[in-house]
Amino acid sequence: MTADPRKVALIMALRNQGVRDMRVLEAIEKVPRELFVEQPFLDQAYADQPLPIDCGQTISQPFIVGLMTDRLQLEERHKVLEIGTGSGYQTAILAQLCRRVFTIERYRTLSRQAEERFRALKLNNITQLVADGMKGWPQLAPFDRIIVTAAAAQEVPPALLEQLAIGGIMIIPLEERPGKQDLYRITRTAKGYDQEHLLPVRFVPLVEGLAREI
Ligand code: SAH
């Protein structure tokens, strides 16, 4: 099988920008992003940019997906919670690298579309929920890793902090003031939480409650 040259170029660019974990790069190589983008943007599936999806949301930029996954330091035995399923692309990447992914989306439409993609790709270690991810998934806590793919206003939702295992890592974008978002890595220790700044980012907002759909 010949590799798509655009995909090869993208993976090299991600490596040069600091996505170092070979397993993460391999996962990006393996998951067909063209299955997760809308028809009009098919030719841009391997461009390093976010693209519009249904319900006014976006599929994240490959560099951001790679970086967030890299900094999560995933291990095979990990149980991961993702907030913001969206297209399911980030979910599919996570599913290559750990035991089980639990993913929450507030739009039923997006969750269903993602479910079809997971089925087509035979990804059997993903469990989906349509709910407000700001509340986390208390019945299944604690999680070894939590990844939030929408920007929380000012502070990390307390439920997510509570549901992170001791020794666990959370990656989350925070919008500290309007228009200014930064990605953080939070590590839970026996004593509390350490917060490390990663880089400025741009995500759609994390919105409370289920989405109204017609
Ligand atoms: N990882 C996704 C990113 C999608 S954009 C991808 O690569 O495709 C972020 C998603 O977060 C959107 O689909 C949005 O509907 C969802 N979202 C926002 N607030 C949420 C909440 N409180 N609970 C669950 N999902 C939420």
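Student: How many residues line the largest pocket, and which of them lie nearest its centre?

Tutor: Rolling a probe the size of a water molecule over the atoms shows where empty space is left. Here the largest pocket is lined by 35 residues, and Gln-57, Thr-58, Thr-149, Ala-150 and Val-204 lie nearest its centre. (A pocket is an open set of points on a 1 Å grid over the protein atoms alone, where a 1.4 Å probe fits, with protein on both sides within 12 Å along at least five of seven lines; lining residues have an atom within 4 Å of a point.) This is a predicted model, in which local features need pLDDT of at least 70 and side-chain atom pairs count only at pLDDT 80 or more, while totals for chains, interfaces and linings use all residues. Residues are numbered from 1 along each chain as its sequence is written, and side-chain values use heavy atoms, with hydrogens and water left out.

Student: Which elements supply at least two residues of that lining, and how does the lining divide by class?

Tutor: Strand 2, helix 3 (62-72), strand 3, helix 4 (89-97) and strand 4 each do so (DSSP runs numbered from the N terminus: helices, H or I, have at least four residues and strands, E, at least two). The lining holds 18 nonpolar, 12 polar and 5 charged residues. The space in the largest pocket is about 530 Å³.

Student: Where does the ligand sit, and which residues are closest to it?

Tutor: The ligand sits in the largest pocket (more than half of its atoms lie within 2 Å of the grid points). Around the ligand are 26 residues, with Ser-87, Glu-105, Asp-132, Gly-133 and Val-207 the closest (a heavy atom within 4 Å). This shell comprises 12 nonpolar, 10 polar and 4 charged residues. Two or more of the shell residues come from each of strand 2 (58-59), strand 3 (79-83) and strand 4 (100-105).

Student: What lies 2.7 Å from an oxygen atom of the ligand?

Tutor: That is a polar side-chain atom of Ser-87, a polar contact (N or O atoms within 3.5 Å). For a nitrogen atom of the ligand, a backbone N or O atom of Val-207 lies at 2.6 Å. An N or O atom in the side chain of Thr-149 is 3.3 Å from a nitrogen atom of the ligand.

Student: Which element gives the largest share of the lining of the second largest pocket?

Tutor: Helix 5 does, with 6 residues. Both helix 5 (108-120) and strand 5 (126-130) give two or more residues to this lining. Its residues include Arg-108, Arg-112, Phe-118, Ile-126 and Val-130. By class, the lining of the second largest pocket has 4 nonpolar, 3 polar and 5 charged residues, and the volume of this pocket is about 220 Å³.

Conventions:
A polar contact is a pair of N or O atoms within 3.5 Å; within protein, one must be able to donate a hydrogen and the other to accept it, and residues adjacent in sequence count only if both atoms are side-chain atoms. Ala, Val, Leu, Ile, Met, Phe, Trp, Tyr, Cys and Pro count as nonpolar, Asp, Glu, Lys and Arg as charged, and the others, Gly among them, as polar. Grid points are joined across faces, edges and corners, and a volume is the space filled by probe spheres set on the points.
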